[in-house]
Amino acid sequence: MNIANINLLPPSKYLTSLHTKIRNNQADNACFTYYADQLVRQLLVYTANLLPYETQDVLTPIGETYAGLRLVRGVCGVSVIRAGESFEGEYRRMFAGQPIGKILIQRDPYSKQPKYFYSHFPDDIAERAVLLFEPMLATGGSLLMAIETLLKQDVALENIYVINVLTSPAGIERLLSHFPTIKLVTSSIEQGMTEQAFMKPGIGDFGDRYFGTLHR
């Protein structure tokens with residue numbers, strides 16, 4: 001397994017406190033979304049530092065030159081519907097004016113295999129750095145299909161950054177077996193999975209908890 005492109009958020013007390021809030025099964029929707037947004041911001045900031053930059057000098061209000069940086073290319077967030085859409089608010093605040101694409105992939109209830117339904121992207125997505133939003137990476141089937149969908153749009157693999165909240169060791173292994181050079185940013189590598197393919201210690205269904213559709 002090539003772990004060079006697996007970017008795990010550095011451990012910190014603050015990061016642990018965010019996980020404590022959102023993993024708690026007593027967290028209500030308001031609590032979950034508030035702290036999940038803070039965690040998403042941490043993931044996006046980390047990813048932003050992996051993007052390519054070029055120099056840009058600007059003149060300050062006192063007439064001095066500041067040696068700054070700007071992104072080499074535009075970015076495009078791509079949400080794997082529905083859980084991936086939870087990243088969009090923080091993405092828009094960080095990358096104002098940058099587009100968002102969508103991919104709808106659902107798991108067949110009988111075969112348990114992912115099935116592609118829909119996607120929509122900006123016309124120039126192949127020229128952008130693509131931030132692919134998929135909060136949960138358990139078995140990896142849906143994520144692999146999402147990456148293949150982007151490759152069919154002529155997005156270069158080196159321009160895809162998978163941003164993820166929790167990932168399983170099996171999911172990482174499967175992802176890298178298909179795309180050894182893919183870049184993944186995650187906040188936690190979990191202990192494993194249950195027989196129902198929930199990661200443990202886990203967080204439950206991220207999309208249901210974020211969008212308030214969890215049935216208790």
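Author: Helices are DSSP runs of H or I with at least four residues and strands are runs of E with at least two, both numbered from the N terminus. The model is predicted, so local features need pLDDT of at least 70 and side-chain atom pairs count only at pLDDT 80 or more, while totals for chains, interfaces and linings use all residues. Residues are numbered from 1 along each chain as its sequence is written, and side-chain values use heavy atoms, with hydrogens and water left out.

Reader: How are the rings of F206 and Y210 paired, stacked or edge-to-face?

Author: Rings of Phe, Tyr and Trp (its six-membered ring) pair if their centres lie within 6.5 Å, and planes under 30 degrees apart count as stacked, over 60 as edge-to-face and the rest as tilted. This rule gives a count of seven aromatic pairs. For F206 and Y210 the centres are 6.2 Å apart and the planes stand at 15 degrees, so the pair is stacked.

Reader: Is Y210 buried or exposed?

Author: Buried means under 20% relative accessible area, exposed over 50% and partly exposed in between, with a 1.4 Å probe and protein chains only. F206 has a relative accessible area of 2% and is buried. Because the relative accessible area of Y210 is 15%, Y210 is also buried.

Reader: How far from the centre of the ring of Y161 is the charged end of K183?

Author: A charge sits over a ring if NZ of Lys or CZ of Arg is within 6 Å of the ring centre and within 35 degrees of the ring normal. The charged end of K183 sits over the ring of Y161, and its distance from the ring centre is 4.7 Å.

Reader: Where is D154, which has a positive phi although it is not a glycine?

Author: The phi of D154 is about 70 degrees, and at 61% relative accessibility D154 counts as exposed. Its place is in the loop between helix 4 and strand 9 (160-167).
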